[in-house]
Amino acid sequence: MVIWKPITTEANLHASTVSNIGLSRYVRLLNTSAVATQLVITLKNVGGTTLGTFSIEGQQEAIIYKEPSDTLIGGAACEAVGVAINGS
């Protein structure tokens, strides 16, 4: 079990909104969609170049690491919050 502490306010990742999640390095993502509904999340650097994409199943969460200036784009059903992990 990962123990984390929120360090930003949770907000959704609208597909049209680019967010660096308060310059956070660790970000908890939660897909609030129905089970078996995948959301694709895109990670971009400060210059707008796509670094990678990944999917999160409905009702599942993931904690990712990113550089503070990197941004995330997803859907309105994806909630994101910057977190500290075990004192990070």
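Predicted model: local features only at pLDDT ≥ 70, side-chain atom pairs only at ≥ 80, totals over all residues.

Visitor: How many salt bridges does a search of the whole structure find?

Guide: A salt bridge is a side-chain nitrogen of Lys or Arg within 4 Å of a carboxyl oxygen of Asp or Glu. The search of the whole structure finds 3 salt bridges. In one of them, the side chains of Arg28 and Glu10 meet with N to O at 3.3 Å. Arg28 lies in strand β3 and Glu10 in the loop between β1 (4-6) and β2, so this pair ties together parts that are 18 residues apart in sequence. Strands, like helices, are DSSP runs numbered from the N terminus, a strand (E) having at least two residues and a helix (H or I) at least four.

Visitor: With which other residue does Arg28 form a salt bridge?

Guide: Arg28 also forms a salt bridge with Glu61, where the closest N and O atoms are 2.6 Å apart. Because Arg28 lies in strand β3 and Glu61 in strand β6, the pair ties together parts 33 residues apart in sequence.

Visitor: Is Arg28 buried or exposed?

Guide: Buried means under 20% relative accessible area, exposed means over 50%, and partly exposed lies in between, with a 1.4 Å probe and protein chains only. Arg28 is buried, with a relative accessible area of 11%, whereas Glu10 at 40% and Glu61 at 45% are partly exposed.

Visitor: Which residue forms a salt bridge with Arg25?

Guide: Arg25 pairs with Glu67, the closest N and O atoms being 3.1 Å apart. This pair links distant parts of the chain, with Arg25 in the loop between β2 and β3 and Glu67 in the loop between β6 (61-65) and β7 (71-73), 42 residues apart.

Visitor: Which residues make up the largest nonpolar core?

Guide: A nonpolar core is a set of buried Ala, Val, Leu, Ile, Met, Phe, Trp, Tyr and Cys residues joined through side-chain atoms within 4.5 Å. The largest one here has 12 residues in all, including Leu13, Ile21, Leu39, Ile56 and Cys78. The elements giving two or more residues to this core are β3, β4 (39-44) and β8 (78-85), and β4 gives the most, with 3 residues.

Visitor: What does the side chain of Asn31 reach?

Guide: A polar contact is a pair of N or O atoms within 3.5 Å; within protein, one must be able to donate a hydrogen and the other to accept it, and residues adjacent in sequence count only if both atoms are side-chain atoms. The side chain of Asn31, a residue in strand β3, reaches the backbone oxygen of Ile56 at 2.8 Å. Asn31 counts as buried, at 0% relative accessibility.

Visitor: Where does Ser24 lie?

Guide: Ser24 lies in the loop between β2 (11-12) and β3 (26-31), and is buried, with a relative accessible area of 3%. The side chain of Ser24 reaches the backbone oxygen of Ile21 at 2.6 Å. Not counting residues up to four places away in sequence, Ser24 touches Ile7, Thr8, Lys66, Glu67, Pro68 and Gly82, where contact means heavy atoms within 4.5 Å.

Definitions and conventions
Residues numbered from 1 in each chain as written. Heavy atoms only, no water.
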